[in-house]
Amino acid sequence: MQFFIEVVLPLAVDKTFTYEVSEAEFNYVSIGIRVAVPFGKTKVYTSLVIGKNNIPPQLYTAKEIHQIIDEKPIVNEIQLAHWKWIASYYMCSLGEVFKSALPSGYMLESETIITSKKEVEIDENELKDDEYLIFEALKLQSSITVNDVVKILGKKTVFPVLNRLLEKGALQLQEEISEQYKPKQVRYIKLQEEFLKQENLAVLVEELSRANKQRELVLSYFQLQAKEKKPISVKQLIEFSGSSSAIVKTLIDKEIFIEYFINQDRVIFEKDNDSHFTLSEPQQKAFDQIEESFVENDITLLHGVTASGKTEIYIKLIEEQINKDKQVLFLLPEIALTTQLVQRLVAYFGNQVAVFHSKYSNNERIEVWNQVLENSEKAKVVIGVRSALFLPFSNLGLIVVDEEHEQTYKQEAPAPRYHARDCAVVLAKQHQAKILLGSATPSLETYYNVKTNKYKLVELTERYGNVVLPEIKLIDLKDKYFRKRMNGHFSDELIAGISTALELGEQVILFQNRRGFSPYVECITCGHVPNCPSCDVSLTYYKHKNQLRCHYCGYSIANPTHCHACQSVELTTKGFGTEQIELELKAIFPDKNIGRMDQDTTRGKFGYEKIIDSFKNREVDILVGTQMLAKGLHFDNVTLVGILNADNLLNQPDFRAYERAFQMMTQVAGRSGRSEKKGLVMIQTYNVFHNTIQQVLSNDYSAMFKEQIYERQNFKYPPFYKLIKLTLKHKDYDKLKEGSMWLYKVLSQNLPMPILGPEEPAISRIRNEYIRTILIKIPKEKNLSLTKKTIHKIMNSFEAVAFYRAIKVTINVDNY
């Protein structure tokens with residue numbers, strides 16, 4: 001009888017492959033095992049087994065697997081079901097989901113090892129010069145790699161040379177797999193058993209009487225053991241005794257000490273016994289309502305104003321789940337937010353908390369993965385960004401999605417282009433778990449689900465400790481510029497407000513949602529603006545580095561001294577970013593510490609922590625930042641928040657612009673006055689009577705919701721219509737134009753629904769590729785899965801046309 005397994009490859013393919021295995025392998029292999037399999041002329045590693053059967057494939061011959069890698073599954077069946085749903089809903093391949101889900105440390109690397117054939121005699125005179133060099137290298141060492149051959153020959157194309165030597169029988173190739181993950185091992189020591197006896201110990205001390213440092217180290221070992229009463233690491237002993245590793249090595253060589261290694265977690269948290277708290281009356285009421293809502297419904301929205309103490313409610317709900325021996329997933333939109341939240345949760349739950357995000361190393365992420373897989377006590381609560389959804393939970397009781405409205409929950413590239421909040425809802429259903437969505441400014445889609453009774457609503461309308469909401473003040477920039485009451489980009493009122501706050505020893509946050517010094521440099525004489533040669537976008541000016549840089553492809557040039565078009569030296573900067581604000585503040589307040597928090601200043605692993613900690617410790621007086629500042633951060637001493645140009649948020653080519661502007665301004669305003677001191681928010685704008693700004697002024701979410709939901713219904717946007725966006729890219733403008741038009745016509749003929757396009761987006765060329773987009777609006781009454789199948793068929797037809805095959809097409813479901 002033949003036995004077969006189905007394997008998913010970590011490649012962008014739309015199907016699984018079947019491989020033939022022996023009966024022993026068939027009985028051994030189960031769901032979630034990684035195997036090495038032949039694929040084309042190469043071997044592919046970390047392919048994942050997703051099923052087994054004894055029915056041979058009809059259309060092709062199954063191949064044999066090369067190697068079984070794991071002893072036990074690294075994923076579970078619920079995970080695979082969830083991944084299949086993501087692949088189906090977001091119209092991508094299972095391989096793409098697999099590649100995105102597994103930590104890269106699980107992607108094994110294979111290396112080609114080249115060795116000589118000793119049994120074959122080769123006439124060296126027949127070898128060419130480059131062949132002779134490799135042959136001689138193999139005489140000096142037993143094996144070399146392809147990279148070694150590249151260095152020996154001094155050229156990149158070496159495979160033709162290797163193929164000639166293979167044909168002559170001079171060498172052979174082998175594949176060697178190297179596991180990227182290595183557990184952290186800590187070096188421990190213990191005394192030889194014979195010296196634990198009293199009489200032998202006295203002899204040992206006598207023997208070491210002339211070696212004072214060695215004797216002191218042995219005595220220190222006994223002191224430390226009496227004190228700690230647990231295994232002693234070499235590092236611990238050296239620090240305690242003030243000795244050196246050389247003396248430890250001498251004692252090991254003398255067989256007085258025995259060294260051994262213990263695997264240790266790379267990240268260890270410690271509990272704070274003083275972290276317990278009791279909920280306030282409004283919090284307790286909200287907590288009880290959430291408990292009641294979970295009885296009838298699995299999904300609840302906690303709509304609480306900023307600083308209302310939502311985190312304390314989350315902690316109590318998490319504690320309840322841990323007492324039931326359940327796992328909890330706590331999703332956050334930004335890595336920046338994990339810093340403060342981890343401190344809060346670790347203080348309360350200790351080493352039951354695990355953290356999972358991209359700033360952690362591969363090894364750290366694999367350790368968290370294994371802890372979740374084993375349902376370990378060290379990972380009862382997992383805090384993470386959207387990628388934490390893919391962890392191998394087996395006993396999930398609760399998912400908390402904090403700041404659920406945030407657009408960073410949506411993955412834009414690469415595939416799968418999933419939305420973490422929506423995937424979390426499906427994951428919770430698969431685990432029969434509860435899900436709590438929390439926000440001060442919920443997304444329209446979530447609030448609409450509340451209005452249509454899909455979700456339950458719990459409201460928290462008071463700030464914690466009866467702290468009043470901040471006063472919001474609008475500053476009319478038109479009037480200020482007309483009256484010449486501006487200093488750079490600061491109105492006289494904002495400068496006076498900052499001065500007052502600083503005099504009182506309080507801190508200030510200033511928000512500008514654009515990084516760099518200036519969005520572009522312009523020639524006053526001819527109006528020329530330096531653009532990126534690869535993208536249709538102006539270069540952003542950075543004063544600190546004195547360069548112009550493209551935010552899309554990374555291209556940079558030195559800041560020009562004259563215009564590239566007319567040679568004029570009259571150049572000026574237009575607009576402003578966080579770097580310019582920082583420099584202006586240093587000129588206005590030279591004796592104050594100014595900090596900046598944007599993508600340019602938080603690149604390192606601990607970039608967020610350093611900035612947040614220094615601001616929390618009051619080492620920084622004024623913090624300037626982009627949207628990173630807007631979410632969930634808590635600073636007791638901030639009393640003034642300034643929004644420097646609210647119109648930037650409103651004037652965006654996006655149907656969600658007004659909703660997002662309201663959310664951003666409300667969230668930024670919420671950073672102010674979070675303790676006893678009353679907060680003040682100053683919003684600088686050219687349009688003080690704009691509806692959205694007035695809604696922020698009165699903190700009227702309901703009015704914003706009614707206005708925007710009416711617009712959405714009128715213009716056929718979510719939540720009334722589903723959106724699928726097709727993005728086409730190619731270096732040839734005419735071919736792209738023709739191909740996108742062909743695709744649009746076929747879609748229009750086969751889908752009886754609104755289809756917009758093909759349109760050029762605001763930035764119509766990136767990395768030398770022109771871009772066109774087609775937007776498909778699917779009404780609620782239409783069958784979504786059938787519509788997606790039709791789109792898939794049309795896409796297959798498009799790829800079958802040889803002329804259009806080079807055009808890249810990406811599908812983005814729910815692209816908003």
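Colleague: In what order do the three strands of the open sheet lie?

Modeller: In this predicted model, three strands form an open sheet with antiparallel pairing. From one strand to the next, the twist averages 25°. The order of the strands is β25-β26-β27.

Colleague: Which strands stand at the edges of this sheet?

Modeller: An edge strand here has a single partner, so one side of that strand is left without a neighbour in the sheet. The strands in this position are β25 (540-542) and β27 (556-558).

Colleague: Which residue in β26 does Tyr542 stand opposite?

Modeller: Strand β25 runs antiparallel to β26 (residues 547-549), and three bridges join them. Tyr542 belongs to the range of β25, 540-542. The residue opposite Tyr542 in β26 is Gln547.

Colleague: What span does helix α26 reach from its first C-alpha to its last?

Modeller: Helix α26 covers residues 784-800, which amounts to 17 residues. At 1.5 Å a residue the expected span is 24 Å, and the helix comes close to that. The span in the model is 24 Å.

Colleague: How many disulfides does the structure hold?

Modeller: The sulfur of Cys526 has its closest cysteine sulfur in Cys566, at 3.6 Å, which is too far for a bond. For Cys553 the closest cysteine sulfur is in Cys532, at 3.5 Å, again too far for a bond. A disulfide would require the sulfur atoms to be within 2.5 Å. The number of disulfides is zero.

Colleague: Is Cys553 buried or partly exposed?

Modeller: Buried means under 20% relative accessible area. Cys553 has a relative accessibility of 22%, while the value for Cys526 is 41%, which places Cys526 in the partly exposed class. Cys553 likewise counts as partly exposed.

Colleague: Where does Pro414 lie?

Modeller: The peptide bond from Ala413 to Pro414 is cis, with omega near -5°. The bond from Ala415 to Pro416 is also cis, with omega near 5°, and Pro416 has its place in the loop between β17 and α15. Pro414 lies in the loop between β17 (396-402) and α15 (420-430).

Colleague: Is Glu403 buried or exposed?

Modeller: Glu403 is placed in the loop between β17 and α15. Although not a glycine, Glu403 has a positive phi of about 50°. Its relative accessible area is 5%, so Glu403 is buried.

Colleague: Is Gln432 buried or exposed?

Modeller: Gln432 is found in the loop between α15 and β18 (434-439). Its phi is positive, about 55°, although Gln432 is not a glycine. With a relative accessible area of 74%, Gln432 is exposed.

How values were computed
Residues numbered from 1 in each chain as written. Predicted model: local features only at pLDDT ≥ 70, side-chain atom pairs only at ≥ 80, totals over all residues. Heavy atoms only, no water. Pairing = 2+ DSSP bridges. Helix = DSSP H or I, 4+ residues; strand = E, 2+ residues; numbered from the N terminus. Axes fitted to C-alpha atoms, helices over the stretch in contact; angles between N-to-C directions. Expected span 1.5 Å × (residues − 1). Buried < 20%, exposed > 50% of the residue type's maximum accessible area, 1.4 Å probe, protein only.
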